[in-house]
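Student: I have a model open and want to go through some of its local features. Can we start with the terms?

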Amino acid sequence: MQFRPTVLVLALAGLAPQAQAQAQARFSLTPLGDLGGGHVVAKAVNDAGQVVGTARLADGGSRAFVYTQAGGMSELPTLGSSVSSAVAIASNGLILGTSGMRAFVYEAGVAQLFGPDRLQPIAINAQGAVLATADDQLRLYGRNGSFQALPALGGSGSISFGRALNDQGVVVGFALLPRDSFYRAFSYGQGVMHSLGDLGNRDSQAAAINNAGQIVGGSSQAYGRLQAFVYREGVMHGLATPSGDSRATAISSSGVVGGEAYATGAIGSTAVIWTDGGQTMARLNTLVTRDWRFESVVGITASDQVVVNGIFQGGQQAAAMLALHPDWQGGDGRWDDAAHWNYSGLGTLGHAPGQAHDVVIHGGAGSATILGSADGRARSVSLGAAAGQQLLFKLNGGSTRTLNGTVLKAGAVLGGSGRLEGGLTVQQGASVQLGAGEAMSLGGGGVAHSGVLKVLGTAQAPAVFSNSAAFNSGAGSQIKVEHGNLDFAGGLVLEGRMNFSHGNVSGPVQVLAGGQLLADKGSNTFNDLLDVSAGAELLINQGSSATFFGPVVQRTGALFSGSGQKYYEGGLSLGGSPGLGVDAGNVGFGAANLYLAELGGASACTLACGKDEALRNRSFDKYIVNGHLSFGGTLKLASWQGFSAQAGQSFDLFDWGSSSGSFERLDASDFAHAAGTVLDFSRLYSTGEVRVLAVPEPASQALWLAGLGGLAAWAARRRRLA
């Protein structure tokens, strides 16, 4: 029986996607696969999600394996033996196993024999220390093979059985005390053997320890039942066991305990974890279909990935990784409050979500406010609220980091100062809101925006919003800015509507067809490229102004409307080829501005240039300002597709309602015209025309030069008057 490492993301049937009154059983189930023989036994897992154990081959032999989430299951070297097994893995990936009658350590792709023959390896830690049994002694080996025999608990005649070793070098297990014929759990560290006690009937066995020194195992009660325990701060605590027997076999670095339970009268065990501080024993088989029967918990990662052994489809032994995902339990609270999180409907696990969790936060029946963590982490976050309710997630001055992004669903609001990383999707009915003095930054993954973004500060305390990746604001979306600074370092693509009052925008902005940029009042600035497509609108209302310090591209068919004032300081062009630009308001060209006029023929572009490429290529840029046009900066003429102007041709570049000023510089270095011709700018400020004239005969050349001198004197007078 072969398993493909397919991830199954499941939830209990009958629960609506956003119904949080009852916790959803959300989890990911990943079979570990096999090596062809269909029989797999997992032995250990570390926090990186690396699993080791033994798998059967198709020919009936067995091999040690290591499983990683990126590469699946792979066979480890056999070192010359046909039979091998991996028994333990350290936090840094060191693997301990057996090949034939010898132990080995596997590190960085290389397996090396370790210790004497017939060594029985048990555990390994990140320092390379090995816990093993040899010559009927429980020994702790150093990386170089030197060892110390552990002292006997209870004196001579006691036999010690090791079970686990943490990175601090603490050993746990149990000892058989022959005088009284019972087992006693122990820990050994810094040369001292310590008895852990029992739960009332002398027998106890320790099975696992984490790096915080918490120990788990099983102990008999006064009335004879076997009960799982956790030992911490010098006290053994019994864990909930509603009926039958139980024992703990694993504890994560965050303190989550797993193990197995035996129902009274039933055959075999069932895999369990303890939730709600050990007050609830949750059976993992309740999460899955009858295809799987989980029998025992091998280990638990810090991210609540539970490695289990069990039976698949009633067949052979199999192993899987079960990732438990948390849901918010409704009401106000803080991200770091463990009591608010329910994992797969099984209960609380004593900690907030981590990097491997898919997190769902829902306000339940009413509105709620959740305060973010100083360093919150998740694989993904989904936020939403019931109809007519609001869920406010405030970053609270901290950082929330995700691998696969955050989704704001209807009713969800992201607010407050702080940083959100990993990408953001804002659906219709959801919003991002910033108030006076607040600053929010988004990093990585980009933003898909279909809701509302409000950046509403005051003159004394502007609101600040920044995004380092691409920001796509779709059709129907809204962005509202009042006394706000926005930095779209990764660029803004706008198909919705953006309203400005005293706004400042950095980063390139592209307004697509249907998109609108509207300045309602006050002074507004754009610091980088603004590219406005056909069918898009830039509206500057009366009493408001917009200053463009970056280049502006007005495509043919783009609507520049309103009776307000536009100031161009970083350049204006009518597209990447000849086009028509019309502005209903007032326009000023600043001293640093460059107006680019592209000329591909003797006819002015019309709206038809936007769709007719052939017409566009044989036309020239035409700019019409219905209000007042103030000239300044540089006028640059450029030939389009090799066009060369001929004597007698004229180009009506500008029309206006009224005008003032003049260009400080006229640059025709990239404009070709026929030999024996000159450019005449004498009508530029009266009719908007540039003409191509034949070089006059010597007799009339003096009159022509005098005319140019008169134009220069007129322009100088206009500048003084301005």
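Tutor: Helices (H or I, at least four residues) and strands (E, at least two) are DSSP runs, numbered from the N terminus. This is a predicted model, where local features need pLDDT of at least 70, side-chain atom pairs count only at pLDDT 80 or more, and totals for chains, interfaces and linings use all residues. Residues are numbered from 1 along each chain as its sequence is written, and side-chain values use heavy atoms, with hydrogens and water left out.

Student: OK. Where is Leu408 found?

Tutor: Leu408 is part of strand E39 (residues 406–408).

Student: Is Leu408 buried or exposed?

Tutor: Leu408 has 0% relative accessibility, so it counts as buried. Buried means under 20% relative accessible area, exposed over 50%, and partly exposed in between (1.4 Å probe, protein chains only).

Student: And what is Leu408 in contact with, leaving aside neighbours within four places in sequence?

Tutor: Contact means heavy atoms within 4.5 Å. On that basis the partners of Leu408 include Leu383, Leu414, Leu424, Val426 and Val432. Ser382 is 26 residues away from Leu408 in sequence, with 6.2 Å between the C-alpha atoms.

Student: Switching to rings. How many aromatic pairs does the structure hold?

Tutor: There are 31 aromatic pairs. Rings of Phe, Tyr and Trp (its six-membered ring) pair if their centres lie within 6.5 Å; planes under 30 degrees apart count as stacked, over 60 as edge-to-face and the rest as tilted.

Student: What about Trp335 and Phe393?

Tutor: Trp335 and Phe393 are edge-to-face, 6.1 Å centre to centre with 70 degrees between the planes. Trp335 lies in the loop between strand E31 (333–334) and strand E32 (341–343), and Phe393 in strand E37 (residues 391–394), so the pair ties together parts that are 58 residues apart in sequence. Both Trp335 and Phe393 are buried.

Student: Why is the pair of Phe643 and Phe651 called edge-to-face?

Tutor: Because the planes of Phe643 and Phe651 stand at 85 degrees, with the ring centres 6.1 Å apart. Phe643 is buried at a relative accessible area of 13%, and Phe651 is buried at 1%.

Student: Which rings are linked into a cluster?

Tutor: Ring pairs link a cluster that includes Phe500, Phe548, Tyr595, Tyr623, Trp656 and Tyr685.

Student: Tyr595 then. What is its bridge partner?

Tutor: Tyr595, in E63, is the bridge partner of Leu572. Strand E60 (residues 572–573) and E63 run parallel and are joined by two bridges; two strands pair if DSSP finds at least two bridges between them.

Student: How many residues of E63 are buried?

Tutor: Five of the six residues in strand E63 (residues 594–599) are buried.

Student: What does E63 pair with over six bridges?

Tutor: Strand E67 (residues 634–639), in the parallel sense. Ala597 stands opposite Leu637 there, and Leu599 has Ser639 as its bridge partner. E67 also has five of its six residues buried.

Student: And which strand do four bridges join to E67?

Tutor: Strand E71 (residues 665–670), which runs parallel to E67. Ala638 has Asp670 in E71 as its bridge partner.

Student: Last topic, disulfides. How many does a search of the whole structure find?

Tutor: One. Cys605 and Cys609 form a disulfide with their sulfur atoms 2.2 Å apart; the criterion is a pair of cysteine sulfur atoms within 2.5 Å.
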